[in-house]
Amino acid sequence: MELTVLSICFAVLLLLGVPVAFSIGLASVATVLYAGIPIPIVFQKMVGGMQIFSFLAIPFFVFAGELMLYGGIADRIVRFANSLVGHVRGGLGMSNVIGCTLFGGVAGSPLADVSAMGSVMIPLMKKEGYDADYAVNVTTHAALVGALMPTSHNLIIFTLATTGIASVSVFSLILAGLIPALLLTICNLVAAYYVAVKRGYPTRGKFPGWKEVILSFLGAMPGLLIVVIILAGILSGIFTATESAATAVLWALLVTVLVYRSLSWKDFLKACAKACKTTGVVLLLIGISSAFGYFMALYEVPQKTGELMQSVTTNPWLIFLMINVLLFVLGTFLDMAATILICTPIFLPIAMHFGMDPAQFGIVMLINCALGLNTPPVGVTQFVGCAIGGVSVGQVMKSILPFYGALIACLMLVTYVPAFSLWLPNLLNAPK
């Protein structure tokens with residue numbers, strides 16, 4: 001009965017529009033009162049859930065992303081992307097995909113990616129004759145790659161959500177996300193090109209020459225180096241994954257203040273304020289989800305969910321498909337961090353039971369959460385993209401299928417072909 005109280009309270013509060021963090025917290029309190037458990041247990045679990053050294057990586061990665069967002073990195077990345085593919089049919093859309101991927105690598109946040117690249121590319125694409133819905137779809141879907149990049153704080157959140165279930169190091173998860181990120185970019189490029197050809201978008205000029213490509217790359221390189229620094233530093237043992245986040249902040253400051261000289265004091269304060277706000281929201285979710293997770297473990301939610309799914313089928317392929325569908329549906333209602341924190345303790349044991357590696361599951365989880373970011377009713381990246389493009393969500397949804405298809409194709413490949421996510425960690429003997 002306690003599990004019923006927990007589930008119904010959480011669902012009803014969400015449907016009433018109560019923020020996710022408060023829905024989780026109030027549902028936990030209601031369960032405590034019904035079960036007669038001392039209320040201080042909720043607060044003990046909340047505080048204990050946030051008192052983990054590795055959480056220091058979250059505010060640092062968030063802050064580094066905000067500095068990159070306000071520091072003018074996007075313009076240089078756009079120039080480099082345009083020099084590569086801007087001359088082919090639908091080249092501006094393909095430039096957008098490459099630009100969003102590269103900026104996602106340094107910012108590590110789909111929302112920051114849409115905000116930075118969208119404000120540059122969407123108006124430019126509309127000016128060049130591209131439809132607004134196409135410009136928005138290209139930008140919002142390409143930005144989702146940022147969730148898999150080494151600077152993504154969601155990677156940290158997942159590794160911490162696995163505590164007590166499996167051993168997954170941040171470095172192994174970073175490596176596991178690199179090839180899927182590349183695969184996702186290729187799928188987005190194919191979708192962007194397909195729609196551009198279908199709609200008859202024109203070519204845009206001629207190839208500017210390798211000199212322009214090299215010059216634009218050199219201009220963007222200081223910002224792009226952050227990914228190389230993080231990977232090389234962890235791989236060589238110079239610093240840990242948590243220390244790499246602090247290194248990312250220092251490098252972001254160095255690039256935006258001393259190299260590009262594009263970060264004003266006003267923008268620096270904006271970056272600080274936005275990073276503090278985001279960190280506060282994430283840590284609140286982590287703390288409350290720790291209490292929520294305690295009750296899920298107490299009332300054996302993962303075991304009962306696994307038994308229910310196995311009563312339907314014991315075929316691993318169908319089990320993985322069911323997990324993907326459930327994660328996608330939940331991701332359309334919950335924030336990315338909330339989905340990771342709530343669903344990992346439930347579905348990871350099931351996936352492991354049927355032979356899926358925890359690192360592989362982490363990438364599957366992140367891709368599903370990224371899809372949710374681009375799907376109403378929560379769909380924050382889509383809402384931001386539509387606001388920049390001056391187009392309705394309904395209009396964008398009418399032409400979203402080719403882009404959705406590209407992401408789902410990537411998701412299926414990562415789900416059913418373990419080598420896409422596990423080859424690099426195994427090759428480099430990444431710690432579990």
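Is Leu366 buried or exposed? At 0% relative accessibility, Leu366 counts as buried, where buried means under 20% relative accessible area, exposed over 50% and partly exposed in between, using a 1.4 Å probe and protein chains only.

Before going further, a word on what you are looking at. This is a predicted model, in which local features need pLDDT of at least 70 and side-chain atom pairs count only at pLDDT 80 or more, while totals for chains, interfaces and linings use all residues. Residues are numbered from 1 along each chain as its sequence is written, and side-chain values use heavy atoms, with hydrogens and water left out.

**Around Leu366**

Leu366 sits in helix 17 (residues 358-373); helices here are DSSP runs of H or I with at least four residues, strands are runs of E with at least two, and both are numbered from the N terminus. Setting aside residues up to four places away in sequence, Leu366 touches Ala147, Leu148, Asn154, Leu155, Met336 and Ile340, with contact meaning heavy atoms within 4.5 Å. Take Ile340 as one of these: Leu366 and Ile340 are 26 residues apart in sequence, and their C-alpha atoms are 7.8 Å apart in space.

**Helix 8 and its two partners**

Now turn to helix 8 and the helices that pack against it. Helix 6 (residues 91-107) and helix 8 (residues 132-143) have axes that come within 8 Å and cross at roughly 25°. Axes are lines fitted to C-alpha atoms, for helices over the stretch in contact, and angles run from 0 to 180 degrees between N-to-C directions. Helix 6 and helix 8 are therefore roughly parallel to each other; angles under 35 degrees count as roughly parallel, over 145 as roughly antiparallel, 65 to 115 as roughly perpendicular and the rest as oblique. The crossing of helix 6 past helix 8 is right-handed, a term used if the near helix is turned clockwise from the far one by less than a right angle, with anticlockwise giving left-handed. On the helix 6 side, Gly93, Asn96, Val97, Cys100 and Thr101 make the contact, and helix 8 supplies Tyr134, Ala135, Val138, Thr139, Ala142 and Ala143. By class, these contact residues are 7 nonpolar, 4 polar and no charged. Here Ala, Val, Leu, Ile, Met, Phe, Trp, Tyr, Cys and Pro count as nonpolar, Asp, Glu, Lys and Arg as charged, and the others, Gly among them, as polar.

Helix 8 also packs with helix 20, at an angle of about 15° and with the axes 10 Å apart. Helix 8 and helix 20 are therefore roughly parallel to each other, and their crossing is right-handed. In this contact, Tyr134, Asn137, Val138 and His141 of helix 8 meet Phe403, Tyr404 and Leu407 of helix 20. The residues there divide into 5 nonpolar, 2 polar and no charged.

How many aromatic pairs does a search of the whole structure find? The search finds 8, where rings of Phe, Tyr and Trp (its six-membered ring) pair if their centres lie within 6.5 Å, and planes under 30 degrees apart count as stacked, over 60 as edge-to-face and the rest as tilted. The rings of Tyr130 and Tyr134 have centres 5.8 Å apart and planes at 10°, so the pair is stacked. Tyr134 and Phe403 have ring centres 6.2 Å apart and planes at 55°, so this pair is tilted. Since Tyr134 lies in helix 8 and Phe403 in helix 20 (residues 401-416), the pair ties together parts that are 269 residues apart in sequence. Elsewhere, ring pairs link Phe63, Trp265 and Phe268 into a cluster.

Here is how buried some of the residues in this report are:

| Residue | Relative accessible area | Class |
|---|---|---|
| Tyr130 | 5% | buried |
| Tyr134 | 1% | buried |
| Phe403 | 2% | buried |
| Ser244 | 0% | buried |
| Phe80 | 10% | buried |

**Other places to look**

Ser244 lies in helix 12 (residues 241-259). Apart from neighbours within four places in sequence, Ser244 is in contact with Phe61, Ile230, Ile234 and Phe239.

Phe80 belongs to helix 5 (residues 73-85). Its contacts, again leaving aside neighbours within four places in sequence, are Leu102, Val213, Ser216, Phe217 and Ala220.

Finally, visit Arg261, in the loop between helix 12 and helix 13 (265-298). Arg261 counts as exposed, at 70% relative accessibility. Most residues other than glycine have a negative phi. Arg261 has a positive phi of about 55° although it is not a glycine.
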